[in-house]
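Subject: Structure for your review

Dear colleague,

Please find below the structure that I am handing over to you. My notes on it follow directly after.

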Amino acid sequence: MAVWPKSCVGMTGLSVSEVNRRLFTNLVEHHLRYTLAKRRIQLTRQDWYNATAMAVRDMLVEKMLATSARFDRAGAKKLYYLSLEFLIGRSLENNLFNLGIIDICREYLAANGVDLQVLLDEEPDAALGNGGLGRLAACFLDSLATLDMPAYAYGINYEFGLFRQEIRDGYQLERPDSWRRSSSPWLVARPEESVLVPVYGRIEHRFDRNGEYQPLWVESRLLVGIPSDLPISGYGDRTVNFVRLYSASASDEFDMQIFNAGDYLKAVEQKMVSETISKVLYPSDDVAAGRELRLLQEYFFVACAMRDIVRGFVNRGYDFIDFPAKVAIQLNDTHPALAIAELMRLFVDHYDLPWTTAWELTRSTFAYTNHTLMPEALERWPLSLMERVVPRHLQIIREINRRFLAEATDIWPEEPERCARVAIIEEGREPQVRMAHLAIVGSHSVNGVSELHSELIKTRLVPEFYQLWPQRFSNKTNGVTQRRWLLMANPGLANLLCETIGPGWITNLEELRRLEPLADDPDFRARFAAIKRINKERLATVARRIADVDLDPASIFDVQAKRIHEYKRQLLMALGIVHQYLSIVEDGAEPVAARTYILAGKAAPGYWAARMLIKLINNLAAVINSDHRTHGLIKVAFLPDYRVSLAEKIIPAADVSEQISTAGREASGTGNMKFAMNGALTIGTLDGANIEIREAVGAQNIFIFGLTADEIAEMVAQRAYHPMTIYNSDTRLRRVLDELTSDRFCPNEPGLFRWIRDSLLYSDDYFLLADFGSYIDTQAAISAEFLSSDTWTRKAILNVARIGRFSSDRTVAEYAREIWGLKSA
């Protein structure tokens with residue numbers, strides 16, 4: 001338990017607020033003097049941040065220990081959420097809100113001449129994730145704690161995260177994102193709970209005296225997983241769970257053997273290689289060494305997690321027959337799928353459970369969420385690589401596959417092709433393990449993350465598995481936490497909501513329905529619009545600082561902020577920008593409403609096309625923003641280094657939210673929910689959760705364009721899509737593509753963007769040309785609508801009022817009730 005400063009003890013007879021005030025004040029003073037060991041005159045902003053964060057961490061730890069004890073006393077079933085990434089963002093402000101002490105903190109710091117906002121900006125984003133997958137995991141953790149659910153998570157304690165994005169001459173440059181360079185005050189080190197993880201080596205085939213097969217994993221190298229806990233507070237000051245993050249280190253024993261043998265350089269080299277596992281999120285898999293490192297990462301973190309989960313279960317004195325009744329494990333996409341083989345290995349090799357018993361326990365424990373329909377994102381690992389890195393796990397996967405195919409053959413005795421399609425191991429020139437198939441076979445539940453996505457899983461992605469086990473498949477539409485994305489990110493709107501309908505929406509987002517009548521109230525519309533203007537001015541200040549571009553808050557802020565990928569179609573937005581620019585400078589057609597195009601997002605280092613999209617956007621900005629003919633009409637801005645803290649500035653300022661992925665390619669999306677929650681109107685395709693957002697907010701309050709997933713599927717099946725025909729028939733499109741073959745947007749690098757026209761005309765895999773005309777027409781409708789400020793604001797208010805079902809509180813409650821069997825305790 002925490003040892004509080006003496007002045008914090010014995011505060012009986014005081015209000016909760018006064019107790020918190022004195023406790024917080026005394027803890028900060030304690031850390032200023034005894035942790036930082038500085039006189040007040042020496043204190044820097046970083047010192048004030050560290051002391052404040054450590055004081056908040058002390059309060060969190062006290063509640064974290066009490067939460068854990070409460071769950072143990074109740075004998076509660078626990079959830080363990082496995083994810084390769086958690087896009088947490090900044091923690092200080094979030095924890096101050098959740099603990100209910102943000103005003104106490106602000107007043108104390110102000111009395112000491114310190115601005116809380118300055119300290120909040122001092123904190124780096126925790127570089128533990130990249131895109132929607134990691135941010136969804138973070139939202140779930142917030143909701144689970146707020147709902148008082150016994151839920152914990154496991155991941156990797158990345159030293160550098162993905163990368164810090166810089167833009168030079170329009171190109172993306174990747175810099176190390178050393179978010180822990182001065183150590184994080186939020187991490188609670190747990191070295192005494194480290195685990196040993198074997199890797200490499202070979203299998204010796206042995207039999208016991210009864211003739212039972214007893215394989216022995218020999219000549220393995222040992223890694224050490226060293227855990228640190230990141231407290232996750234729930235809103236309302238009751239529950240604090242945690243994410244356990246592992247750093248990789250070499251085994252001292254193994255290194256010393258090499259060292260003592262005289263090979264000093266090899267000993268140091270092996271230590272460095274081992275620690276590389278937790279250095280960087282998603283190492284490039286373009287080369288063999290990168291692919292091996294990614295497999296090592298995925299295995300390392302699930303091996304650490306499974307050992308920790310099983311150790312905790314055993315220490316609580318339970319019988320293994322009760323494992324699924326006490327433990328639920330959720331796989332966040334395919335990255336943690338090796339956990340299935342690892343749990344089987346522990347059950348069979350370490351605890352001597354019979355295979356059939358171990359398999360039944362394993363399958364009853366795991367659940368799998370699929371997050372993608374993109375074939376390249378469904379991981380496959382070559383057998384040769386797995387044989388070298390995790391030989392025992394490959395043995396187990398082979399046996400799982402053998403037994404599963406025997407069941408499948410009984411069901412489809414005359415259909416070997418169908419059996420081959422569901423096999424975990426894909427045969428061929430280079431046999432591979434299909435990790436999605438392992439996750440499906442080894443789980444009792446499989447879910448998608450939007451209604452369309454879940455349907456496409458059943459009908460297109462893995463229809464044979466759905467035919468085998470229809471009862472396992474369900475939908476759990478994603479959600480986002482309103483505490484982060486409205487209460488924190490948009491304080492002006494949050495205050496207006498609390499003043500108007502009360503604070504109930506903070507924990508029950510459906511309360512926002514009470515705003516609907518106010519959409520017709522002129523005074524409320526005016527206050528709502530004024531808050532949007534303030535948010536746009538705030539973003540304009542940020543853009544001037546980080547991108548050296550001046551934004552006009554009176555213009556339409558048209559935003560696409562997300563990971564750069566061809567299927568997300570940032571290129572379609574860029575083509576639209578070129579069309580509008582050419583309409584102004586060549587046709588003399590001024591837009592009816594001034595517009596500012598704002599884009600942000602990172603491209604994977606090895607993804608050439610995505611990196612070139614960033615270059616294109618920056619070149620468009622350079623040409624358009626410097627052309628006097630466009631002054632006051634259109635502007636383009638690419639905001640570098642997109643991350644949670646930047647998203648918190650962008651999203652509340654958006655008028656238009658671009659959710660324009662190719663229909664049938666986006667699993668769900670969560671940015672669409674965040675933007676709508678903050679009063680942006682969506683322009684989007686009928687893809688992912690856009691469909692459900694349209695149902696919720698009303699078709700008249702969203703701008704939908706383009707082909708549907710079924711229409712695209714039919715065109716593909718009939719081979720009826722001919723981009724060249726569209727190019728020849730649409731003069732607007734032809735002019736835009738032809739312009740990209742000129743050097744107007746790349747005068748210093750002739751021919752730089754010619755590939756775009758060639759690629760789209762001969763292999764438009766994402767149907768940009770098919771949707772271009774509809775997109776341009778819909779953008780024109782948006783401009784016309786924006787001119788009527790009352791109509792536009794009314795629609796924006798209705799988007800906020802009707803977004804309640806897209807809270808992650810609703811999502812995790814459905815998981816808990818229908819998949820995990822989890823209850824609050």
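Contact, as used throughout this message, means heavy atoms within 4.5 Å. On that basis, and leaving aside its neighbours within four places in sequence, Arg345 is in contact with Pro198, Trp217, Arg307, His350, Arg392, His393 and Ile396. This is a predicted model, in which local features need pLDDT of at least 70 and side-chain atom pairs count only at pLDDT 80 or more, while totals for chains, interfaces and linings use all residues. Residues are numbered from 1 along each chain as its sequence is written, and side-chain values use heavy atoms, with hydrogens and water left out.

Two single positions

Arg345 belongs to helix α11 (residues 338–350); helices (H or I, at least four residues) and strands (E, at least two) are DSSP runs, numbered from the N terminus. With a relative accessibility of 5%, Arg345 counts as buried. The term buried means under 20% relative accessible area, exposed means over 50%, and partly exposed lies in between (1.4 Å probe, protein chains only).

Ala653 is also buried, its relative accessible area being 0%. Its place is in the loop between α24 (644–650) and β21 (656–659). Not counting residues up to four places away in sequence, Ala653 touches Lys532, Asn535, Lys536, Leu539 and Phe557. The C-alpha atoms of Ala653 and Gly679 are separated by 8.8 Å, and the two residues are 26 residues apart along the chain.

Helix α29 covers residues 731–741, and its buried residues are Leu733, Val736, Leu737, Glu739 and Leu740. They lie on the same side of α29, because they cover an arc of only 155° around the axis; the arc is that of the directions from the helix axis to the C-beta atoms. These buried residues pack against α22 (570–585), α23 (608–625), α28 (723–729), α30 (754–762) and α31 (768–786).

The N-terminal end of α29 is capped by Asp730, which has a side-chain oxygen 3.0 Å from the backbone nitrogen of Arg732. A polar contact is a pair of N or O atoms within 3.5 Å; within protein, one must be able to donate a hydrogen and the other to accept it, and residues adjacent in sequence count only if both atoms are side-chain atoms.

The axes of α29 and α31 come within 10 Å and cross at roughly 110°. Axes are lines fitted to C-alpha atoms, for helices over the stretch in contact, and angles run from 0 to 180 degrees between N-to-C directions. On the α29 side the contact is made by Arg732, Leu733, Val736 and Leu737, and on the α31 side by Leu769, Phe772, Gly773, Ile776 and Asp777. By class, this contact has 6 nonpolar, 1 polar and 2 charged residues, where Ala, Val, Leu, Ile, Met, Phe, Trp, Tyr, Cys and Pro count as nonpolar, Asp, Glu, Lys and Arg as charged, and the others, Gly among them, as polar.

Helices α6 and α33

Helix α6 (residues 132–146) packs against helix α33 (residues 808–820) at an angle of about 75°, and their axes are 9 Å apart. The two helices are therefore roughly perpendicular to each other. From α6, Cys139, Phe140, Ser143 and Leu144 meet Ser808, Asp809, Thr811, Val812, Tyr815 and Trp820 of α33. The classes in this contact of α6 with α33 are 6 nonpolar, 3 polar and 1 charged residues.

Helix α20

In helix α20 (residues 491–501), the buried residues are Leu493, Ala494, Leu496, Leu497 and Ile501. Seen down the axis of α20, they fall within an arc of 160°, so they line one face of the helix. Asn495 and Glu499 are exposed on the other side of α20. The cover over the buried residues includes α19 (482–488), α21 (522–547) and α25 (671–677). Gly502, which follows α20, has a positive phi, near 90°.

Most residues other than glycine have a negative phi. Ala37, in the loop between α1 (16–35) and α2, has a positive phi of about 55°. Ala37 counts as exposed, at 58% relative accessibility. Arg719, in the loop between α27 (709–718) and α28, has a positive phi near 50°. Arg719 counts as exposed as well, at 74% relative accessibility.

With kind regards

Conventions: Angles under 35 degrees count as roughly parallel, over 145 as roughly antiparallel, 65 to 115 as roughly perpendicular and the rest as oblique.
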